[in-house]
Structures are given as structure tokens and as C-alpha cells.
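Some questions about helix packing and aromatic contacts follow. Please look at the model first.

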Amino acid sequence: MYLRIVDRPYALNDSLEVVEATSNDSKRIIVERYVCLFDDDFNIIPEVWEFLHNRLWYKALAFNSVVSKGNDLNLFYEFLYQHRYSYDLLSSKDINTFIAWLRSNDTSSRSAKTINRILSTLKDF
């Protein structure tokens, strides 16, 4: 899994080279800031893209909040990938397994507050 974070807009010129975006770029393609999760084959995970995009542009969450949600979902999809689970077929037992994985998978053990934040992101997702 790969979480891509672009924290400021950029533009593409006619040669499709990345240049700094300015407010008077009427003839350039402007790419706004975004947070996006890719799988190991660098394909966008569509449900995560929609969720994060919605939180950034329609719910108007702070960019750093969206980045945190992206990091939480990155952990969740790492878990799904490692255990060969499908997002569509999860049960409450699988979520309990995820919580146990969160507690045991990190060398700097996560606090209960951190795990609760991750679970809150999943509930929102």
C-alpha cells in the first residue's frame, strides 16, 4: 500500500511538465491537493479515494485531518492485504482481529487513544 499526499496545488504545462500553480493559470491543468491510497500495483483504491476526497472538499476537514484518516485507512488496508480479507465481506470478528493486529503489530505499541481514533475513522468510512 502506498499513501500519496500532495499538500499544495500544482499545474501541468503544455508539455505536461509539473510547474508551480498560480491563480492566473487559465490554460494549464491545475491539480489540487489530495490524499490517495494506492495498492501494490499502484491502482487507486476507489472507495478510499471517494471517502478522502469527500472529507477534504465537501466536508471541508482540515488537510492534516484527512491525512490522518488516510494513514488510518492505509493501516486497515495493509491488514486486509496481509490477512487476504476482502473489504466487502468483513465481519465484526474480522474487526476484532484488526484491533488485535493493531496492538501487536507495532514495535512502539499504540495507545488506546490511537486505536480508538483508527476505529473512529473506520466507522466513518
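The questions and answers below concern a predicted model.

Q: How are helix 2 and helix 4 oriented relative to each other?
A: The axes of the two helices come within 9 Å and cross at roughly 90°. Angles of 65 to 115 degrees count as roughly perpendicular. Therefore helix 2 is, relative to helix 4, roughly perpendicular.

Q: How many residues of the contact of helix 2 with helix 4 are nonpolar?
A: On the helix 2 side the contact has Lys69, Asp72, Leu73, Leu75 and Phe76, and these meet Arg117, Ile118, Thr121, Leu122 and Asp124 in helix 4. Four of the contact residues are charged and one is polar, while the nonpolar ones number five.

Q: Is Arg117 buried, partly exposed or exposed?
A: Arg117 is found in helix 4, residues 112-124. Buried would need under 20% relative accessible area, and exposed over 50%. The relative accessible area of Arg117 is 39%, so this residue is partly exposed.

Q: How far apart in space are Arg117 and Asp72, C-alpha to C-alpha?
A: Asp72 in helix 2 and Arg117 in helix 4 are both among the residues of the helix contact. In sequence they are 45 residues apart; the C-alpha to C-alpha distance is 8.3 Å.

Q: Which parts does the pair of Phe76 and Phe98 tie together?
A: The whole structure has ten aromatic pairs. One of them is the edge-to-face pair of Phe76 and Phe98, with 5.2 Å centre to centre and 80° between the planes. Phe98 lies in helix 3 (residues 92-104) and Phe76 in helix 2 (residues 63-83), so the pair ties together parts 22 residues apart in sequence, in helix 2 and helix 3.

Terms used:
Residues numbered from 1 in each chain as written. Predicted model: local features only at pLDDT ≥ 70, side-chain atom pairs only at ≥ 80, totals over all residues. Heavy atoms only, no water. Helix = DSSP H or I, 4+ residues; strand = E, 2+ residues; numbered from the N terminus. Buried < 20%, exposed > 50% of the residue type's maximum accessible area, 1.4 Å probe, protein only. Phe/Tyr/Trp six-rings, centres within 6.5 Å; stacked < 30°, edge-to-face > 60°. Axes fitted to C-alpha atoms, helices over the stretch in contact; angles between N-to-C directions. Parallel < 35°, antiparallel > 145°, perpendicular 65-115°, else oblique. Contact = heavy atoms within 4.5 Å. Nonpolar A, V, L, I, M, F, W, Y, C, P; charged D, E, K, R; others polar.
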